[in-house]
Each structure stands twice: as structure tokens, then as C-alpha cells.
Amino acid sequence: MKDEREKWARIRIIMIGTFFGLMFLMVVGRAFYLQILQHEELVKKAEKQHQHRVDLTPARGSILDRNGTPLAESIHMDSCYAEPKRIKDVAGTAAVLAPILGIPRQELAAKLSLNRSFTWIERWLPPDTAIRIKNMKLPGIGFVPESKRFYPNVETAAHVVGFTGRDPNGLEGIELKYDGTILGNTGYMITERDALGRNIAIKNTVIKDSSPGNSVVLTLDKTIQFIAEKELAKAVTESNAKGGMALVMESDTGKVLAMANYPTFNPNAYSRYSLSQLRNRVVADSFEPGSTFKVFTIASALEAGVVRPSDVYNCENGNYRIADRTIHDDHPHSRLTVSEIIKYSSNIGSAKIGFKLGEERLSNYLRNFGFGGRTGIDLPGESSGYIKRNWYGIDLATISFGQGVSLSAIQLVTAVSAIANGGTLMKPYLVERILDDSGKEVQRFEPQIVRRVISPETAQKVSRMMETVTGEGGTGTKAAVDGYRVAGKTGTAQKVDPVTHTYSPSKRIGSFVGFVPADKPKLTIAVIIDEPQGIKYGGVVAAPAFKAIAQNTLAYLKITPNMPTAKTPKKDEETDESETGPEPDADGYIEDPANAGAVMPNFRGMSMRNVLQVMEKRGINIRLIGSGKAIEQSPPPGHAIGGTGEVWIKFTPSA
Amino acid sequence: MAQARADYGKVAAPRAFGGAELASHRIDIFKYLMICMILFTIVSVFHVWSRFRLVELNLQITEVSRQLKDAEQEQKCLKLEAASLKTPARIETIAKNELGMALPNELQVIHVK
């Protein structure tokens, strides 16, 4: 009995031992199978389940003006999509979403009923709309952040900045030319997620870094661009013209400060405009320059040494027959010096100078000025203009005064800048710097010399001649800017009729191109008005816009006049009652401060304008603190100005 | 019998297995095991707690990162809005139409060198 019990106990021990042993072996076997044999496959499967791929879309870089003001910026906005297969209550979902999105209910229901797994409902939703829909937690409705390009200055510099498509790839302007720089590269990140699908940050493993787009800093100045656009629009509207262009360039460097087209467009809604409105005509279109071209003929002749400024030409009283054609001058003259040929814009005089220079030399000089070839400005679609290879008949004569050649506005301004800066042709450019996403400079573009075209002496002679255009009796007097010497040239060119391929009797291009201040040029400005109605002369339609752009830009850039101004500021003459200071007190008030020498006048009670007038008259520099009426000054009235003490006046706003 | 008892005394009245000495040993082992188990439990609980805490903190980091991203986005939007409000065309329109201002004429501009 005892043995039997012992035996049974032993059997049980063996059975349980065997059971556990087998179980252990099974576990070990299974572990071997899973951990060793199936390892790779299962790891992949697990990663798929708890890892999440997040695409890292790089933010497109900004486009900034030279002062850092954004001209184009990207922000992320939510786009709403639907997964129709997951939506059970199509009618209900459509009824809820339709009023929020402003889409007709039937249209939305049709979208939600599509036999697709994905469809866009509305892209780039305003944040509040997106939040409202998100809060509803509708099944089958989702959101994805998408980058949207914004142009905060709307129409300002639209043609230069360009625009992007939905991708978002650049389609025009700087956006297109520098697309690779601005766009950056897409990357992705693998994140681990918990059972609820939430991302767990610590184990994020960036597999491929996205490189954010770089920002582009332009040479453009938003304020100068606005001035140019405003004055151009005014000139085009006043002359009932078809359109116009304006360009402001730094004469010495080739930096483009403003590039305006009219009519312009809103890059935030570019699809509403025709293709012709989207084209940057300043670089993409070429036109016959007309009389502005005479400057280059005469500069070439002076450089070649075939004429001198004082040489006199017979201008045939306005009619000059060459072969079977007759050349006319709008204002007939008998004899004119080379300088006067520019001043009065004589076609006959220019043609005769062209003949003296000869076809080959003129052609070479014109090509050296950059005509007939692209300037290389950093904008897409640049036109090279056109200069004939072989000249026949009266080509030499007509080209000498700007007919039979075509050029773009950027070529014209670049070539005039060469005269302004002493004879060096500079490469025009629009991008000054490239910054990375942290604002660090990656690349800087410096002014580039293309070639020397004419000598500084010739450039100076031509500059003096161009100054006569805006002087008394010249064709461009409306371009004269008070206080500054202005050199320029008017142009009125006939347009070729696209139907008849002959010069149109009524269609003209009026232009004015010049630089200011003529003695130390800073800015080269061109204004071109396309098909003005009524009076079509460049000196009438374009010169006033040139003047306004030059005047405002010079003031903005703080370039002070170097000539006496026509105005004579008189105390209180232009001020209203409120601005006139109270009657000065008896102690030391100087009635006419201009006669007071280096003695500090009594400024107390005077308005800032009065003080400024006195300062201008006396040529004294006083530090002005505050605004309103002068209440305190140093040194006191009647004391000598100079020494080490600072000269200042404190103002306080009048009640 | 008596002889047998004398001879096989240990068999007839065997001493308790282990005796007092062994019993004290058993208590030591038990104590040791208990300590080990408690330690093991504490370590296990701590491990689990730390894992939970880690996940929780990671979730917090994710949330803060999202908030940061949202704030950056908001900042970008505000900058954009500021830029659009500062456009010269808008300022000029407001100055002229709402504030009754006008551009200064040539006589009103005084250059001070």
C-alpha cells in the first residue's frame, strides 16, 4: 500500500515535471521562433503598428525688401478633406458643413457621395472656420495643414515678386527665378505612437531632415516702389494710356530700387488676371525707344572722337531727304550744336552724327551699351531687344534716332546708368542677399561690372548735354526737380501696328529717362507710357511722373538739394494760424534771425516749421527734441552759438 | 523491548527534523525571500511607474511642442497682418481720407543740412 502510494506520487511528480518541462520547451521554442526566426518580419510589423510617418513640409522662404519688410510670406492653413467611404450620413454631414463653408448643400453632398477614399472639400480654410468644423468631430472629415503663400503688400511689386501655384512652386518673378532657393527640401520623421494613436515625442527619430527654404532679400525698397507705382498709375490715368512702366535704379551699382508696371495685379488672386497683365513688361517686352536713343548715338560719336559738343550741324529746317525717304523734326531748326541736338531732340542732327560715326562703329558701341543682348537681371523671361545685324538704306539714319531698334526698359535704364556713373555698364540685379531660416546670411550679391563703354570724360560731356533737356527751352522741362540738377532725355516713338506691320499714325510710346542729381548721380529713373491719348510727347506724359518719382525718392533717401531752391521761405507765409507762434517777448527776440550772425535767436513759442525755416536760412544745425511749440532752448537767446555746448530746442505739443 | 528501545531509541523517538537550529535557518531564508520579493515588487512597480511617467511626459512634450508650433504659426500670421496693415497705399488712403492729411507741397518741405 505504502509502496503504491509512493509510486503514484513519483508518477505524479514525473507527469507534472514532464508537463512543465514540455511547456517550458514550448515557450522556449516559441520564443526562438518569434525572436530569432521571425525577428525581422515581426519588427517591421510592429513598427508599422506603433510608428507613424510624419512628412516634414518645409516652409517656403520669405521674400523681403531691402529693409526687411516681407513682400511674400508662407503660413500653414488647414485644408479640409473627406473620406467618403467612411461617411454614413452624407445628407446630415452636408447639411452641417454647407452653411459653414458657404458651399451649396447639393454640391457638397455630391462630393461626399463620391466612390473615392479621399476628396478635397475646401483648401486653406480660415482658422476660425477650421476650428468650428474640427469641434464637430464629424466622421470621415479630416484636416491636413497646407502651406499658403501670402503677399501682404498686395499689388506693390507684384510683377517683381511674382506668385506661386498650389504646389507651391514659383510660377512668376522672383518666386520662379529663385524657386530652388526659396522652396527647400521635403523631409520626413518617424514618431512612435501609443495605443490611442498619440505621438510620443521622446522616441522621434528624424530619418530625413527637411531643409527649410531660404529667404531672399531684394534690392527693392517698398517705399520707393510705392512711389514709382503711384506716380506711374497717375501718369497713365491722366494721359488715358494703355499702360506704362517705371524703373528706379542706383546709378553706380545697378541695384534696382523700384520696378513698376501698370496695370498691375494682385498676386494673392493672380488667376483673375489675364496673362498680359501678369507679364513683367519692364524685362519681358521690348519697344522702339525713339529719341531717348539719341543719347547713345551721340555718346558713341563723342567717344569715337568724330564729334565735339560744340560742333554745329545743319538740321535742314526740319526736312532732310535721304535716298527715297524724308526725315522730319517735330521742331524745325536750321543749325544746332551737338548739345542742342540733344536739347531739342533733332532727328536730322542725330542721323547726321550717325552717318559720321558709321554703321560698324555705331553698332559696336550700341552692343557695348548692352542693346541686343540680355542684361542678365535675375528675373525670368528677359527680352534681349533687337538690333539688326545688317543695316540697309536709311537704317543707319533711323537707328541713330531710335527707330528700327528695340530694347527693354531694363536695358535702357542700365545703359543710361552707364552714362550716369562715368561710363561703366553695370549688371542690373534684384537680389541682394540670401538668408537661411534663422536669418543668417548665406549669400550676398555685389554689384558687377560688365564692361567700360565710354570714358568718364565722354560720360560727363553727355551728362552735361542731357542736363540741357530739363533746362529752359529743352524738351523735358517738366522733369526738372527743384534744387537738383537733372539730366535726362525725352522720347516719343511711333508704335508698329501689328496688323499692317507699318508705323501706326496714332499709337505712340512717350518716355523720359534720366538721372539725378546730375552732378553726382544716385538714381537713374525711366518712365515709359504706352499709347497715351491726346498729347503724346514723352516730355508731357512721362516727364512729370519722372519728376515726382525723383523728388519723392530723393527726399526719402535724404539726398539734400545742392542748388538753391526756387522757393523763398518766409516766416509764417505758409503756416496757418495755429502753427504761428505767439508774439515773441521783448527780451532778445531777433526779428530777422538771418541777420543775426552766430547768435542764438529766440525760438521760444515758435512752431517747428518756423524753427526749421530759420535753421535753413541761417544754415545752423540745431537738435530738435519733441514736437509742437518751442518751450526751451540752449544756448539762451542772444548767446553765441558754438563752442562745446550742444545747440538744442525742446518742443511741447500745444493744447 | 527495553533493549530494543535502548538500541533503537532514536528510531522509537526520533528527534524533530532540523531541530531548533534548522527552524531558525528556515526563518532566515523566509525573511530573505520576503525581502527579495518586496524589493522585486518595489523595483517592478517603480519600473512600471517610470514607464508610465515617461509616456506621460512624452505626451506632455508633444502637447507643448504643438502649442509652440501653434504660437509660431500665430506669430507668423500676426507679422503678416502687421505687414499688410503697414502698406504705404493703405496708410496714405487713411491719412488722406480719414485724417484729412495731405502731402506737403514743395514750399512746406524744408531741407536742413
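Of the 113 residues of chain B in this predicted model, 9% count as buried. The secondary structure of chain B consists of four helices and zero strands, and its elements, followed from the N terminus on, run α-α-α-α.

In chain A, an open sheet of five strands has the order β10-β9-β21-β20-β19, and its pairing is antiparallel. The strands β10 (256–262) and β19 (487–496) of chain A stand at the edges of this sheet with a single partner strand each, so that one side of each is left without a neighbour in the sheet. Averaged over the sheet and with direction ignored, neighbouring strands are turned by 10° against each other. Within this arrangement, strand β9 (residues 243–250) of chain A and strand β21 (residues 523–530) of chain A pair in the antiparallel sense over eight bridges, and the bridge partner of L247(A) in β21(A) is A526(A). In a regular strand the side chains alternate between the two faces of the sheet.

Helix α20 (residues 543–556) of chain A lies across β9, β20 (503–516) and β21 of chain A, where it runs at about 150° to β21(A). The helix α20(A) also packs with helix α9 (residues 222–238) of chain A, at an angle of about 160° and with the two axes 9 Å apart. Because angles over 145 degrees count as roughly antiparallel, α9(A) and α20(A) are described as roughly antiparallel to each other. The crossing of these two helices, α9(A) and α20(A), is right-handed. On the side of α9(A), the contact is made by T223(A), I224(A), I227(A), A228(A), E231(A) and A235(A), while α20(A) contributes A545(A), A548(A), I549(A), N552(A), T553(A) and Y556(A).

The pairing of β22(A) with strand β24 (residues 648–652) of chain A is in the parallel sense and extends over three bridges, and here R623(A) has W648(A) as its bridge partner in β24(A).

Strand β12 (residues 319–322) of chain A and strand β13 (residues 325–328) of chain A pair in the antiparallel sense over four bridges, with R321(A) standing opposite T326(A) in β13(A). Together, β12(A) and β13(A) form a hairpin with two residues between them, and A323(A) in the turn has a positive phi of about 50°. Elsewhere, T129(A) is found in helix α5 (residues 127–136) of chain A. The relative accessibility of T129(A) is 14%, and T129(A) therefore counts as buried, since the cut-off for a buried residue is under 20% relative accessible area. When residues up to four places away in sequence are not counted, T129(A) touches I100(A) and L101(A).

Methods:
Residues numbered from 1 in each chain as written. Chains lettered and ligands numbered in written order. Predicted model: local features only at pLDDT ≥ 70, side-chain atom pairs only at ≥ 80, totals over all residues. Heavy atoms only, no water. Axes fitted to C-alpha atoms, helices over the stretch in contact; angles between N-to-C directions. Parallel < 35°, antiparallel > 145°, perpendicular 65-115°, else oblique. Left-handed = near helix turned anticlockwise from the far one by under 90°. Contact = heavy atoms within 4.5 Å. Pairing = 2+ DSSP bridges. Buried < 20%, exposed > 50% of the residue type's maximum accessible area, 1.4 Å probe, protein only.
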